[in-house]
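This report goes through the fold of one protein chain, element by element. Please keep the structure open while reading.

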Amino acid sequence: MTTYVVTIPGTLHEPLTGEARSVLLGALRPADPQGTEFGAAEELDLLSVDTEQSTLTIRLEVEADDSNAAEEEARRIASDALDKAGFTIRTAPLGDPVITGIDAG
């Protein structure tokens, strides 16, 4: 197994309230990339939100056998977290996941 850092962009069609942000961060926290050497060195934020552009970026650490499995797992984690925060695929669609780091050590 390899540890991947996966970045997923998204669009917010509804405002991210303080309560929703707390729920979202809580659901994402176990996959925070700060636990990897890459994440700590790059000071990666788990969640970045641009309220002017209504976009978000989620960065996750996942363990997987290959990059495809890592991207699928990251999308699942992000989708589940958004669902817990009250968003749907229509109110917060996600873009394609991208591998932004590999921590093989």
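## Overall fold

The chain has 3 helices and 4 strands, and their order along the sequence is β-α-α-β-β-α-β. The model is a predicted one. Of the 105 residues, 37% count as buried. The accessible surface comes to about 5900 Å², and 46% of this belongs to carbon and sulfur atoms. Among contacts between residues at least 6 apart in sequence, 73% join residues at least 24 apart.

## Strand pairing

Strand 3 pairs with strand 1 and runs antiparallel to it, with 10 bridges joining the two. Within this pairing, Thr7 stands opposite Arg59 of strand 3. Strand 3 also pairs with strand 2 (residues 47–50), again in the antiparallel sense, over 4 bridges. Here Ser48 has Thr57 in strand 3 as its bridge partner.

Strand 2 and strand 3 form a hairpin, with 4 residues between them. Ser54 is found in this loop. Its phi is positive, about 55 degrees, although Ser54 is not a glycine. As background, most residues other than glycine have a negative phi. Ser54 is partly exposed.

Thr3 lies in strand 1. Is Thr3 buried or exposed? Thr3 has a relative accessible area of 11%, and because buried means under 20%, Thr3 counts as buried. The side chain of Thr3 makes a polar contact of 2.4 Å with the side chain of Glu63.

## Helix 3

Helix 3 covers residues 67–84. At 1.5 Å a residue, its 18 residues should span 26 Å, and the end C-alpha atoms are 26 Å apart, so the two values agree.

Which residues of helix 3 are buried? They are Ala70, Ala74, Ile77, Ala78, Ala81 and Leu82. These residues cover an arc of only 130 degrees around the axis, which means that they sit on the same side of helix 3. The spacing follows a general rule: an α-helix has 3.6 residues a turn, so residues three or four places apart point the same way. The face turned away from the buried side of helix 3 carries the exposed residues Asn68, Glu72 and Asp83.

What do the buried residues of helix 3 pack against? Their partners are strand 1 (2–11), helix 1 (18–28), strand 3 (55–64) and strand 4 (98–103).

Asp66 caps the N-terminal end of helix 3, with a side-chain oxygen 3.1 Å from the backbone nitrogen of Asn68. Just after helix 3, Gly86 takes a positive phi of about 95 degrees.

Asp45 is placed in the loop between helix 2 (37–42) and strand 2. Asp45 counts as partly exposed. Asp45 and Pro33 are 12 residues apart in sequence, and their C-alpha atoms are 7.8 Å apart in space.

## Accessibility of selected residues

The table lists relative accessible areas for residues discussed above.

| Residue | Relative accessible area | Class |
|---|---|---|
| Thr3 | 11% | buried |
| Ser54 | 29% | partly exposed |
| Asp45 | 45% | partly exposed |

Key. Residues numbered from 1 in each chain as written. Predicted model: local features only at pLDDT ≥ 70, side-chain atom pairs only at ≥ 80, totals over all residues. Heavy atoms only, no water. Expected span 1.5 Å × (residues − 1). Buried < 20%, exposed > 50% of the residue type's maximum accessible area, 1.4 Å probe, protein only. Arc of directions from axis to C-beta. Contact = heavy atoms within 4.5 Å. Polar contact = N/O pair within 3.5 Å; in protein donor to acceptor, adjacent residues only side chain to side chain. Pairing = 2+ DSSP bridges. Areas by Shrake-Rupley, 256 points an atom, 1.4 Å probe, with all protein chains shown as cover.
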